[in-house]
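Q: Can you walk me through this structure one feature at a time?

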Amino acid sequence: YNLYEISHYMEEEIPVSLSSIVEKYEARLLEKGHIIKTVVNLKKYDDMDPRNNLIDIILENMIENAVAFTEKKNAEISLKIMDNGRELNIQLEDKGIGIEDIFYDRIFNMYFRSSELSQGNGLGLYVVKTALGKLHGEISVKSEKGRYTLFEINIPF
């Protein structure tokens with residue numbers, strides 16, 4: 001469904017507040033007993049930008065991955081959203097199982113799964129990369145096996 005939404009995305013869609021998107025995910029995670037720390041600091045980025053519809057899809061898939069790839073009962077997630085006047089920067093870090101660096105170039109491929117913990121269909125990060133393509137955004141990953149994974153996203157505006 002996310003891929004359908006991305007392929008039919010139009011900037012004229014009814015915008016949703018980025019702040020309300022973050023609040024939605026905070027509430028969902030806290031309700032399930034997970035730990036989330038968020039920082040949202042927007043200077044020039046419009047909180048009601050129509051691109052937030054795609055950012056919602058990106059965050060949904062990133063957060064689902066963060067929760068899925070933790071060995072603990074309660075996932076620990078840090079989400080920072082800031083802008084520097086030219087681009088929106090999103091950093092999502094989890095304290096999960098990590099990703100081996102040999103997989104970095106393949107984790108955004110359709111159907112790729114790098115762990116036995118993967119219960120999904122291998123589309124989450126592919127969906128993220130596809131949505132970022134529509135936004136002309138970029139994503140990078142840093143990880144240490146058994147300790148953390150940090151994704152950093154930059155979206156020009």
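A: Contact means heavy atoms within 4.5 Å. Here, Asp 49 touches Pro 15 and Val 16, leaving out residues up to four places away in sequence. This is a predicted model, where local features need pLDDT of at least 70, side-chain atom pairs count only at pLDDT 80 or more, and totals for chains, interfaces and linings use all residues. Residues are numbered from 1 along each chain as its sequence is written, and side-chain values use heavy atoms, with hydrogens and water left out.

Q: Is Asp 49 buried or exposed?

A: Buried means under 20% relative accessible area, exposed over 50%, partly exposed in between (1.4 Å probe, protein chains only). Asp 49 has 10% relative accessibility, so Asp 49 counts as buried. You'll find Asp 49 in the loop between strand 1 (35–41) and helix 3; helices (H or I, at least four residues) and strands (E, at least two) are DSSP runs, numbered from the N terminus.

Q: Which residues touch the most other members of the largest nonpolar core?

A: A nonpolar core is a set of buried Ala, Val, Leu, Ile, Met, Phe, Trp, Tyr and Cys residues joined through side-chain atoms within 4.5 Å. The largest one has 41 residues, and Ile 55, Leu 59, Ile 90, Ile 107 and Phe 151 touch the most other members. Helix 3 gives this core its largest share, eight residues.

Q: What does Ile 55 contact, leaving aside neighbours within four places in sequence?

A: Look for Leu 18, Tyr 45, Leu 88, Ile 90, Leu 135 and Ile 155 around Ile 55.
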